[in-house]
Amino acid sequence: MELTRMQLLPVVLLLISFIASCVSQTQYNITSDRLSLLAFKSQISFDSGSILATNWSANTNVCDWFGVACSSGNQRVTALRLPNLGLRGAVPSSLGNLSFLKVLSLGNNNLSGYLPNELSFLRRLTYIDLAANMFSGMLPSWLGAYPQLQTLSVASNKFTGTITSSLGNLSNLETLLLSNNQLSGEIPEAISRLTSLKNLTLATNKLSGSIPSFIFKMSSLTGLDFRFNSFSGSLPQGICDELPNLKIFYLTGNLIDGGIPSGLLKCKKLLYFSLADNKFSGSIPSELGNLTFLRELNLYQNNLRGEIPEEIGHLLNLRILSITDNQLTGSLPSSLYNMSSLEELHLSNNNLYGSVPQDMCDNLRSLRFLNLFGNKFAGSIPRGIGNCSSLVTINLGSNSFIGEIPHEIGNLNELEVLYLPVNSFSGAIPFEIFNSTTMTYISLTSNLLVGELPSSLGMWLPNMEILILTNNSISGTIPRFLSNASKLEQLDLGYNSFTGHIPDIFGDLRLLQWLSLGTNSLTRDPSDPGLGFLTSLTKCRNLRKLGFEITALDADLPNSIGNFSSSLQQIFAYGCQLRGNIPDEIGNISNLVTLQLWRNNLTGHIPATIGNLQELQDLGLSGNNLIGSIPSDIFSLKNLAYIRFSENELSGPIPQHIGNLSSLRVLVLAANKFSSTIPPSLWKLENVLNLNLMSNSLIGDIPMEIMSLKAAWQIALSGNELTGGIPDITNGLESLLGLFLDGNKLRGPIPDSISNLISIEYLDLSRNSLTGRIPKSVTTLVNLKNFNVSFNNLEGEVPSTGPFANFSAALFAMNKGLCGGAPQMDLPPCIIKDQQRTNRSTQLLVKICVPLLAFVFLAILFTFLWTRRRTKEGLVEAQDPEASPIAMERITYQEILQATDGLSDTNLLGTGGFGSVYKGVLSNGTTIAVKVFNTQNANALKSFKSECEVMRNVRHRNLVKIISSCTNNLDFMALVLQYMPNGSLETWLHSPTHSLTLIQKLNIMLDVASAMKHLHHDHPTSVIHCDLKPSNVLLDQNMTAHVSDFGIAKLLGHEQLLTQTMTLATIGYMAPEYGGAGVVSTKGDVYSYGILLIETFTGKRPTADTFTDETSLRDYAIAAVNGSSTQFADADLLDESDENISAREQCVRSVLSVAVNCTEELPGRRVSMQDVVVRLAKIRDAVFSEENFDEALSRKMT
């Protein structure tokens, strides 16, 4: 039926109206999206590429804007992709108006602030990436409002709080990335509802608790990353029963313990697996070998034990294997060398042993990183290592490898790092290594390498950044080709045998940051008195550390030292024979932190310009000839922590401003000429650990403010002229380990409050004028190892309990009325009160009878003595106590004959050049040794007088005690000595029936060093022994050493440094200057001690046939210091099976290093016995266990 026009008109009008309405609605929605995006643009404060500023224009179609995508139908914005643009600003709430948005990608920008709640309106979203921004606040709960969301990434922001449970509503979610935030708490159970989840990443948060069991039942999972949280507990054995698709499992950096579950074998598809840095224990399950698709296996930093299972070698697709920092043992499984895909092998810091097979690289052609550091591997590096042509890093440090470094290493064209320190590699360094164009890092320190470095020809090291060759025996000159290494940042050639002049080439290394040339035999160019190498180095504007210690420069420190750049932080120039003044220009090195110039010959004043070094922390100027006072400018250095100015000629009062150094930890001003009182401000240094003001001329009282030194572990005020009493120790010194107040003029009693020093180990109050009794409260000091009150005026009972049970007699000697004590103290018994009352009743009778009896007694005594002298019957009395070496008991010639069975051969202990020594037993049961001098020998009388003179002047626990002397004109001369039941050190070192442990040897030599230190340094008249050798070191019943035989000893006055003699010591032990020119000084004894020290720890005599004119015992020691001491030390000391072999070997090496310093050719370069005692004590403290340490410290010298 045909419609009329009038009937069609309403229809047409309705259609036109609908079309207009649709057009209008479409135009409105496009406009809304444009306005939302323009609002977002307005919130962007920085757009690195100006992309939004130039592209997002109101005059262009929004769908054509950069990063914007629209639907083809209704032209609404469906995707906003603006990652990696460096955008800075906030997300506006208007972004929530993009109601058709499906993709929101704003990752890797600098957007910040809170996420607006309006984003929850975007319910069509399937993909959200807001990662790597700076969004903060709680993780919004509305993130669970997206029913179609498949990927949610808010990683690497600053979100806090817990993981919102609303995320469990995201039923279609496949990827959830929350890593690198600050989320805390536990994983919510709501996560178990994410049945489509494939990838769950929660790494680097603060999540805790155990990993919930439901995680291991989410069968859709392919990736789990829980690294670097605080998850605890253990993993279930059936961990993979319901995770058949798992490919990635990362648990690194948590607190998971227990064993590695064997059920992992069911994760057949696993590609990347890491349990590193947890607390896993037990063994590595062999079932891991079934994970044949595995590419990475990281088990490092756990407590795994046992061997690496053979099955690991079945992982033929494995590229990275890291099991470092565990407690694995055994050798490497042979299957490991068949893993042809392996690129990285990291097994450092375990207890693995064995050798590396020669064919190791036949199948490891892809290996790039080989790390076996810190194990017990031995043998040589196989030459086949050259077949591992992809190697980038070789790290075999801290093992027991031997042999030469194969030259094939130099042919590895990809090699960048060669790290072989602390082994026993020998021979020369292959020249090929120095011609590598890829090498950046070489460390060969602490091996047995010898030979010379290659000459300059063809060597250039274009990419070398770090070269460390320290602690070997490399010789020759420093090659000039090193200046070709233009990228070199660190060069360490110290502790070798380099000779010749220090070259001036280092200034060409403009990137150099670290240069160490110390402890070689380097000298300066004699044609260059100004130390040109230092001037050259001022061109290295990045230099931070400079060391040329213990070299023979014999020159003034040049003014050019002030031209170093402000980057220089450390200067080590001790023991260099530097002379002259310290240049004022040194104050120009504005960022200097450490300045060590000790043990030189520097003179003049300390420059005030040091006060310009505001960053200075460590200032060492000890052992020079500096004069004057400490400049006040130094006390403005707020960071100064260590001041060591000992053994100079500094004088005047200690400045009052010293209290300004609030950061001070160590203050050593010993052995100078400081006078006046200790400034009150010094006691304000509350953080000081070591205060040493010994051997000065300080006066005044010790104030109560000493208690302010709350952190101090040592306070040494010995050898001054301090007066007054010992202050009451109330509190504040609870950390003090050593208090040394000996050698002053202190008076009064020892305060009972001394017991408040609860940590004290060493308390020396000797050589004062203290009176009264020893307080019984001292017995409560359970840590006390040495309590010296000798040479005072103390009286009363000495305690015998607690620490006093083991103290020796020497600690209480020369007091007027001490009694009681432990048996070994040899003190008279104390008189009880009843006896005292009885004695009073007899006093009257004594007063009447004594004068009469005295007259009769004297008459009889005079007649007896006159008759005895006249008849010469050999009854010779001991010398007058005033003239005898020490206060002796009387022992007659007849008693000597009776004690020794008439000096019979059966009691003969030994015979020497001046007489014989006999064993004897006195009538009271005391065992003695009688040294009878040969009166037919012209030098015997001199020897007798020398020993008497020495023993009259010195007393020490480690010197043999003379009990009495006996003479009959010139017919008979003898000394009665303390008997040493364990004989001489000579017997213990070289008899097949005797042997000494490492700690015994160290204790014995520390005893000898303490005795020699006492002879050289502890009283005004220095004593030189002149004949120190093993036979003159005697051992008592406790194996404590006592130095004996002072027959050729010399006494030096206060101002006398050396003398000359015609008397020669024993060949092999005498110093070169002694044997040649007869020059005698304390340094000669130091040399003899050094030889004795080497002999004790190597078992080699200095006169052995193995030593010729070209080699000596000292050379032998140097080789041991620079190499493996197991090859040189006495076989009884180092057992290869000992688990502490490395610590013991280091101990021997350190001891021999001290010996080498003692036996320098030039006397001036030798250390003092004071230094020897300190260094040996530190070696012992560092090496031995607490039980052995207690044994050693109980025998420490007074």
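This is a predicted model: local features need pLDDT of at least 70, side-chain atom pairs count only at pLDDT 80 or more; totals for chains, interfaces and linings use all residues.
## Disulfide bonds

A search of the whole structure finds four disulfides. When the bonded cysteines of the protein are numbered in sequence order, the pairing reads 1-2, 3-4, 5-6, 7-8.

One of the disulfides is formed by cysteine 63 and cysteine 70, whose sulfur atoms are 2.1 Å apart. The link of cysteine 63 and cysteine 70 is left-handed, with -100° about the S-S bond. Cysteine 63 has a relative accessible area of 16%; because buried means under 20%, cysteine 63 counts as buried.

## The link between cysteine 361 and cysteine 388

Cysteine 361 is joined to cysteine 388 by a disulfide with an S to S distance of 1.8 Å. The torsion about this S-S bond is about -100°, so the disulfide is left-handed. The pair links distant parts of the chain, 27 residues apart. Cysteine 361 belongs to the loop between strand E26 (351-354) and strand E27 (369-371), while cysteine 388 belongs to the loop between strand E28 (376-379) and strand E29 (393-395).

Are these two cysteines buried or exposed? Cysteine 361 is buried, at 0% relative accessibility, and cysteine 388 is buried with a relative accessible area of 0%.

## The link between cysteine 819 and cysteine 830

A further disulfide connects cysteine 819 with cysteine 830, at 2.0 Å from S to S. Its torsion about the S-S bond is about 100°, so this disulfide is right-handed. Cysteine 819 lies in strand E61 (residues 817-820), and cysteine 830 lies in the loop between E61 and helix H4 (833-871), so the pair ties together parts that are eleven residues apart in sequence.

The accessibility of each partner can also be stated. Cysteine 819 is buried, at 11% relative accessibility, whereas cysteine 830 is partly exposed, with a relative accessible area of 28%.

## An open parallel sheet

Strands of a sheet pair through backbone hydrogen bonds, either parallel or antiparallel. In this model, seven strands form an open sheet with parallel pairing, in the order E42-E44-E46-E48-E50-E52-E54. Which strands stand at the edges? They are strand E42 (579-580) and strand E54 (721-723); each has a single partner strand, so one side of each is left without a neighbour in the sheet.

Within this sheet, strand E44 (residues 601-605) and strand E46 (residues 625-628) run parallel and are joined by three bridges. Glycine 604 stands opposite leucine 626 in E46.

## Helix H12

Helix H12 (residues 1141-1158) contains 18 residues. From its first C-alpha to its last, the helix reaches 26 Å, close to the 26 Å expected at 1.5 Å a residue. H12 is mostly covered, as 13 of its 18 residues are buried.

Asparagine 907 is located in the loop between helix H5 (893-899) and strand E62 (908-912). This asparagine is buried, with a relative accessible area of 16%. Which residues does asparagine 907 contact, leaving aside its neighbours within four places in sequence? The contacts of asparagine 907 are Thr900, Asp901, Val917, Tyr918 and Lys919.

Lysine 931 is part of strand E64 (residues 927-933). According to UniProt, in an unreviewed entry, the feature "binding site" is placed at Lys931. Lysine 931 is buried, with a relative accessible area of 13%.

Technical notes:
Residues are numbered from 1 along each chain as its sequence is written. Side-chain values use heavy atoms; hydrogens and water are left out. Helices (H or I, at least four residues) and strands (E, at least two) are DSSP runs, numbered from the N terminus. Buried means under 20% relative accessible area, exposed over 50%, partly exposed in between (1.4 Å probe, protein chains only). Contact means heavy atoms within 4.5 Å. UniProt positions are given in the numbering used here, feature names are shortened, and annotations may be inferred rather than shown by experiment. The expected span of a helix is 1.5 Å times one less than its number of residues. Two strands pair if DSSP finds at least two bridges between them. A disulfide is a pair of cysteine sulfur atoms within 2.5 Å.
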